Amino acid sequence: MSGAPVLLEMRSITKEFPGVKALSDVNLVVRAGEIHAIAGENGAGKSTLMKVLSGVYPYGTYSGEILYQGTESRFSDIRASEHAGIVIIHQELALVPGMSITENIFLGNEPGRGGVIDWKIANRRAVELMAQVGLEEDPDTLIKDIGVGKQQLVEIAKAFAKDVKLLILDEPTAALNEADSQHLLDLLRGFKRQGITSIIISHKLNEIAQVADSITILRDGRTIETLDIKADGVDEDRIVRGMVGRELHSRFPDHTPDIGEVFFEVRDWTVRHPISAERLVAKHSGFTVRRGEIVGFAGLMGAGRTELAMSLFGRSYGTYVSGQIFKDGKEIVLKSVSDAIEHGLAYVSEDRKAIGLNLLDDIKTSMVSAKLSKISKHGVVDQVREYQEAENYRKSLRVKAPTVDEGVTKLSGGNQQKVVLAKWMFTDPDLLILDEPTRGIDVGAKYEIYGIIQRLAEQGKGVIVISSELPELIGLCDRIYTVFEGTITGEILRKDADPELLLKQMTSVKKAQRA
Amino acid sequence: MSRVKELQKSLFGGTTSNARQFGMIFTLVAIVLLFQILTDGLTLNPGNLISLVSQYSYILILAIGMLMVIVAGHIDLSVGSIAAFVGIVVAKVMQEYSVPWFVAILIGLVVGALIGAWQGFWVAYVGVPAFIVTLAGMLLFRGGNQYIGNADTIPVPEGFRTIGAGFLPEVGPNTGYNNLTLLLGLVICVAVVVREWRGRRTRREMQAEVAPMWISVIRIAIPLVVVVFASLQFAGGRVGTSFPISGIILGVLVVIYGFVTRNTAGGRHIYAVGGNARAAELSGVKLKRVNFLVMMNMSVLAALAGMIFVARSAASGPQDGIGWELDAIAAVFVGGAAVSGGLGTISGSIVGGLVMAVLNNGLQLMGVGSDRVQIIKGVVLLLAVAFDAYNKKQGRFSVIDSLMRPFRRDTPTGAESPAEAGQERGKSPVAG
Amino acid sequence: MRNILVRGVAAGAIALLSLTACSSERTGGDATATSGSTEAAKGFPANSLIGVALPAKTSENWVLAGDLFTNGLKDAGFQSDVQYAGSSTTVADQQAQISAMTTKGAKVIVIGATDAAQLSTQVEAAKQAGATVIAYDRLIKNTQGVDYYVAYDNFKVGELQGQALLDGMAKKKAKGPYTIELFSGSSDDNNSAVFFDGAMSVLKPKIDSGDVVVGSGQTDIKQTATDGWKAENAQRRMDSLLTSTYSSKTLDGVLSPNDTLARAIITSVKGAGKPLPIVTGQDSEVESVKSIVAGEQYSTINKDTRNLVAQTIQMVKDLQAGKTPEVNDTKSYNNGVKVVPSFLLPPMIVTKDNVVEAYANDPNLAPLTK
């Protein structure tokens, strides 16, 4: 492949967000007709790089240059890059469920004149395109009536309708089952024969090893290396080493675990997806938490960690099928969030802004919002106590705000996270489930939050940390469960934990076992 | 911190919504003064103030309920029809079964609660959007009104009329004023002072910064001047008239609901649900119950408003309640609530309602026809909201904020990420 | 607007004064409250404010009346404030307008009520503030506060409508039985029943004798009512009557209480492709006069608004001069709590036969009849 001409070259791309350098001097070379994989941990900068390429972040908002088909390209928006034949297919499909396959394929790109769609042409071309991607369906079928795998194919057909030269697929198989994934990978190989170049971003390293010609590995917003799969004899282990290759230096405060008895146990937990009833998001999962223990949950995005946690937290996700929860040896039934809070559970969500906080609130209102009963009498909130309690947390967690009257929108991500932690510490929980507690937070604040987590454990509380950052889990947790497709696939003690082992257990079905 | 900044902060609080509220009060004062001049002093004359209160108290009562509905992220289009329905039911039971008027009022409230439970059930437990449920309710109860009343106008007895057309009675020595109204004014004055004093004590207990004494003096003095002036005006109306009973009902409701929304767990939950329903749910708020109660409460208040109007009109008629929902909704939005929920206060909505009421009344006093009054009100509502949206887009907070620019506090602490800014913009609050 | 502004600026100082010096109405109020009864013998200054509150502009008549009042009162030397209720919030609007007129110190308030039973509070307040209240065209119910009533004799209107219907049908078809339908006005309008009763006083004997048949059998005023006097409601009812009753039968005549509804009924019949029946009307609206000339609508009633407004203004002048206004009926119009002294004007039936003479003096309508 190395002999083929270069189709795309991105040179020293740097992209900064306020306070964060998402990409720093990244280089990417893609040759015509190859399948080029991009790998890296969550937050390594893969998606940002693709957004730069496709014009989501227009020319001028980043530095560096993009050479495409030999000339420098300055895309002002997605339309411009699509016009040049670069089409990106996102993980969340951009299809309209209530419209037909044909309508979706030509959405925004309708054949016809003067705004009047020529359905004859549209239908004929739709049939052609569907044949090209191997989609056997009536073109009038509505999107919502076909499976995710076929929807993915519609997305690709849509890309083909735009005369694609460079097809970018972001986690294309994340939501697909084994057979659909295989079909998609075969399809990619077929495109290669037709001379279409593809970039594939995937967490499934076995797929990369199987289908890609070359791979670029990103870490912390930098290019680590570009490898030729065949020439360099790259396998999964090699990729993992590249992805997690950093040293795990002391990013964690000192902490001596004082682990007590098992006080929390989940058995045979099975939950259905809230909408598609045939999908199980948790399958016969079971685990335990000891007093004073920090337990990690490792898994890829979409593995079902969040779903598992939320379904435990008062059934706030999915439909309960079976399973039991024991606390201090007694079975407890948590039918609502208030039940869960009453029994000493707390759940800090992964998405602070969407579901963790009311962004219209001020700090004090947020901090007491999960247990108003603690500071109210006959339903009337004692505002003096509210202020005092909030003020205590502001000081002890070192929330950077002048007073607790400040609106939470004005805080940085790290300080918002501290407010959310305070909100749940205020409920006096025995078990805290922290979902991605350091997502989108800078290094300094991360250190502080690790400290808070450790202090909670030292107080004898159980803490579950869900994280996509393996070093974080390894550095922080006493014990780690790996989760894959809703099943707990392994349990690893701190002393045995290393990224490669974790990644393998997180990514492969073969090693999946019923816990 | 300069004195001006300090004054602004402690008079109106540090939060943005309070700043907006100040803007509304400012607008209200400006409109009152404008019309006072344009109408040769008729606007603040006792007779006009009295009729202003009795004409708009029922709309303002609706605005209280509507504020809570809108804060929770819903809307209620059925209030006018519910008011008309309850009105006709109450008039009918008094006419046909000679039910005493106070029992009839209870019946009216119960009917309102039942209707509210009906609507709340669909909104909260079935999950039909409130817009649809109340649109259906609008038709349903309008039809119900006509079915029961045969589109007739049914008179109500004298006793019942008190809640809509009654005044504080004349008692005690002849002072040249209505004594009870003066007493009421005095009570409010005392309440203002006590409230400020208790506020200071609370701040001390919190070990929070207590505002300097001179600020407290201003915070007491301004309301006192207004209250004294108002009570003299209301007490000085024609003999037999004074502060309207419907105004007292309104006042009591404002105090109660103001307290509930600000200081109780239930009130907090309404804001939490409207601000971020999923976050509220994950904090243990019982979403369905909150939605149910908010919708139900609205209908009870609509029932009350309907009865007050019937009492004032001395009869229940087929055209009662038409268009009320729009007046109530306008009051709430002019008063600074956000279309997307989670923002807004009772007092803001009352001020918003008063702005619209004074505008209406002032234009009528000037002899402007109702066609043009409607046009002007429409334009004012649109501009109030549009100015705010425009200024927000320009990165400024709001029109009020720009009025307040000289007193502006420092820039917000900490940088906002683009996503946050976007989210804030999505919550575009409405103010004038 | 400019006038208002000039006045406003000039009055600024006074306004500010009245702001600071809390004006009490107590002393003045006592005097007017006691003297506020019907003996308005003392009169009032010739340039006083006269308020006129009319319903929403749903018919040409109200618009015309408003213009006539504005001009007539101005010519008589009064200040006038003529207001229409808003199109949706009619009752509440009118209440507020009457209160505003009272506040402004109107000496006489002329009210064409939107809902005659829902104004008692405001009328009484006006009365107590010293104003004389004249009910115009619609009698205000359940209040002592109304002093006079001016209207066309509405029972007579109904009689004329009923008679015209019979005459028209007889002219078209020599022998009965005739099939008819009945429409009445809005049930919240006091006059609707009066029109209807008047018409029925003529029609009822014929219905009883079988000469006239009401095709749908709907003879009760509740069944025939047209909510809010709205054309759309009449048209809707007519549409359904045509489908339910007249798919095979022929309809000979329709009793319509006014022109707006008559035209709606005619539109409905035309829409259904049926032969036009005899349709009565009232109010002499422009479109209906055209329709009569064209031979579609059979009759209307000429209750010349000019005469009614002129009579009302005459009463206002009498009151100003301290005289008791002339009335010609002191027994018929009981509003529920009192018999209101009334002045009734005689209405006139207009058909194609007399249309030219009837409107000879009307500058708007006369050209249409040529």
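**View 1. The meeting of chain C and chain B.** Here 47 residues of chain C are in contact with 48 residues of chain B, where contact means that the C-beta atoms, placed from the backbone, lie within 7 Å. Please keep in mind that this is a predicted model, in which local features need pLDDT of at least 70, side-chain atom pairs count only at pLDDT 80 or more, and totals for chains, interfaces and linings use all residues. Residues are numbered from 1 along each chain as its sequence is written, and chains are lettered from A, with ligands numbered from 1, in the order in which they are written. On the chain C side, at least two residues each come from helix 1 (2-20), helix 2 (26-35), strand 2 (79-84), helix 4 (90-103) and helix 5 (120-128). Helices (H or I, at least four residues) and strands (E, at least two) are DSSP runs, numbered from the N terminus. With ten residues, helix 4 of chain C gives the most to this side. By class, the side of chain C that touches chain B holds 15 nonpolar, 22 polar and ten charged residues; Ala, Val, Leu, Ile, Met, Phe, Trp, Tyr, Cys and Pro count as nonpolar, Asp, Glu, Lys and Arg as charged, and the others, Gly among them, as polar.

**View 2. The meeting of chain B and chain A.** At this interface, 35 residues of chain B are in contact with 41 residues of chain A. Helix 8 (179-205), helix 11 (265-275), helix 12 (277-282) and helix 18 (418-426) of chain B each supply at least two residues of the side that touches chain A. That side of chain B has eleven nonpolar, 15 polar and nine charged residues.

View 3. Residues 122-141 of chain B are 85% helix and 0% strand, with end C-alpha atoms 16 Å apart. Residues 292-311 of chain B are 100% helix and 0% strand, and there the end C-alpha atoms are 29 Å apart.

View 4. Strand 10 (residues 197-201) of chain A is largely enclosed by the rest of the structure, because five of its five residues are buried, that is, 20 or more other C-beta atoms, placed from the backbone, lie within 10 Å of their own. Thr197(A), Ile199(A) and Ile201(A) cover one side, with Ser198(A) and Ile200(A) on the other. In a regular strand the side chains alternate between the two faces of the sheet. Strand 3 (residues 35-39) of chain A runs parallel to strand 10, joined by four bridges, and Ile38(A) has Ile201(A) as its bridge partner. Strand 9 (residues 166-170) of chain A is also parallel to strand 10, with five bridges, and here Leu166(A) is partnered by Thr197(A).

**View 5. An open antiparallel sheet in chain A.** Four strands line up in the order 14-13-16-17, counting two strands as paired if DSSP finds at least two bridges between them. Strand 14 (280-290) and strand 17 (330-332) of chain A are the edges, each pairing on one side only. Three bridges join strand 16 (residues 319-327) to strand 17 of chain A, and Ile325(A) stands opposite Ile332(A).

Note on methods. Contact = placed C-beta atoms within 7 Å. Buried ≥ 20, exposed ≤ 12 C-beta atoms within 10 Å, placed from the backbone.
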